Amino acid sequence: PYDVLVIGGGPAGAAAAIYSARKGIRTGVVAERFGGQVLDTVSIENFISVKETEGPKLAMALEQHVKEYDVDVMNLQKAAQVIPGANQGDLIEVKLASGASLKSKSIILATGARWREMNVSGEQEYRGKGVAYCPHCDGPLFKGKRVAVIGGGNSGVEAAIDLAGIVAHVTLIEFDSKLRADAVLQRKLFSLPNVTVITEAMTTEVIGNGEKVTGLKYKSRNTDEIATVELEGIFVQIGLLPNTDFLKGTVQLTNRGEIEINSRGETSVPGVFAAGDCTNVPYKQIIIAMGAGATASLGAFDHLIRTSAP
Ligand code: FAD
């Protein structure tokens, strides 16, 4: 059996694996797609000490760093079920979608998340060419330009306020008749001179010139009329979905499906730890996920030295 089995090969999983392997304990990583969301990122400018890099380059560096150590990397393998031991100290079983089964004294869940997409024409084509999902990551690329934020919940309104300080103009588009964000955020938003809020509007198309986004089309849910907004960027803020469906009923999740952890990365199940975007950590970033992976790994090591026979 493994001492530590990490599920997920993004920044959180890679950091967890390296920290575990450096303790000289038996470490494995099961990853559906090693690299995680980093593989889908064009340019990264906020990974401190690396001025600028590209997603696939950082993903490759993550994998190479993990492979410097004695870690079993099982890439292109999906975990389908986690079965905690019946008694404290029993091995935890991880069933893979392939039918295989792995056993470990401790588990670190680092399965990440994915942004909910609009599913409109042009969205995929212009992803990374004007269509963005992370204001902290890509906001500065649109300095002095016009952008839209899709979604009027807390994350959408926070994004609009954040972007309004950087870009020339923000159009916030909400499907419902009113914004769902907290009142204090809405007050702030409506006080800003360079923000327009459009409610009861459904985004129908991302328009571009073949290279970059040039605008979007939305349909008024009142009049059915289609309108066009000219702009250079679109931030989609309609939800971040944690990859935790297979954990329902196993570990405690929040109502948004995020794994609940404490400051040591412990979940509700002894021996099961979690880190990164799949957890209830408030901010979702590479550097934060890596720190959380290190925390969970040290938490797991602490658990092992207290529970394993010498
Ligand atoms: P992820 O990166 O999501 O990795 C999850 C891992 O788990 C993957 O290997 C996945 O295949 C695997 N997995 C999932 N389910 C299973 C399963 N059932 N079994 C086995 N494996 C599974 N952050 C920044 O700091 N700077 C940026 O510039 C930046 N830009 C971004 C741009 C885009 C387009 C996106 C989508 C995100 C961006 N982010 C950025 C956010 C950043 O990528 C994430 O915060 C970070 O990758 C989270 O790391 P993670 O390890 O928690 O999860």
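I began with what covers the buried residues of helix 2: the cover includes helix 1 (11-21), strand 3 (43-44), strand 4 (53-54), strand 5 (71-75) and helix 6. I note that this is a predicted model.

Next I listed the buried residues themselves. In helix 2 they are Gly55, Leu58, Ala59, Leu62 and Val66. I looked down the helix axis. The buried residues fall within an arc of 105°, so they line one face of helix 2. I then turned to the face pointing away from that buried side. There I found the exposed residues Lys57, Gln64 and Lys67.

I checked the length of helix 2 too. It has 13 residues, 55-67, and at 1.5 Å a residue I expect a span of 18 Å. The end C-alpha atoms are 18 Å apart, which agrees.

I moved on to the surface. Ile48, Tyr283, Ile287 and Ile288 form a nonpolar patch there. Together they have about 400 Å² of accessible area. I placed Tyr283 in the loop between strand 19 (272-274) and helix 6 (286-307). Is Tyr283 buried or exposed? Its relative accessibility is 53%, so I count Tyr283 as exposed; the cut-off is over 50%.

My last entry is Thr267. I found Thr267 in the loop between strand 18 (240-242) and strand 19. At 12% relative accessibility, Thr267 counts as buried, since buried means under 20%. Which residues does Thr267 contact, leaving aside neighbours within four places in sequence? I listed Val251, Ile259, Glu260, Ile261, Val272, Phe273 and Ala274. I also looked up Lys78, which is 189 residues from Thr267 along the chain. Their C-alpha atoms are separated by 20 Å.

Conventions: Residues are numbered from 1 along each chain as its sequence is written. This is a predicted model: local features need pLDDT of at least 70, side-chain atom pairs count only at pLDDT 80 or more; totals for chains, interfaces and linings use all residues. Side-chain values use heavy atoms; hydrogens and water are left out. Patches are made of residues with over 30% relative accessible area and no salt bridge: like charges are joined within 9 Å, nonpolar side chains (Val, Leu, Ile, Met, Phe, Trp, Tyr) within 5 Å. Accessible areas come from the Shrake-Rupley method with a 1.4 Å probe; for residues, only the protein chains shown count as cover. A salt bridge is a side-chain nitrogen of Lys or Arg within 4 Å of a carboxyl oxygen of Asp or Glu. Helices (H or I, at least four residues) and strands (E, at least two) are DSSP runs, numbered from the N terminus. Buried means under 20% relative accessible area, exposed over 50%, partly exposed in between (1.4 Å probe, protein chains only). The expected span of a helix is 1.5 Å times one less than its number of residues. The arc is that of the directions from the helix axis to the C-beta atoms. Contact means heavy atoms within 4.5 Å.
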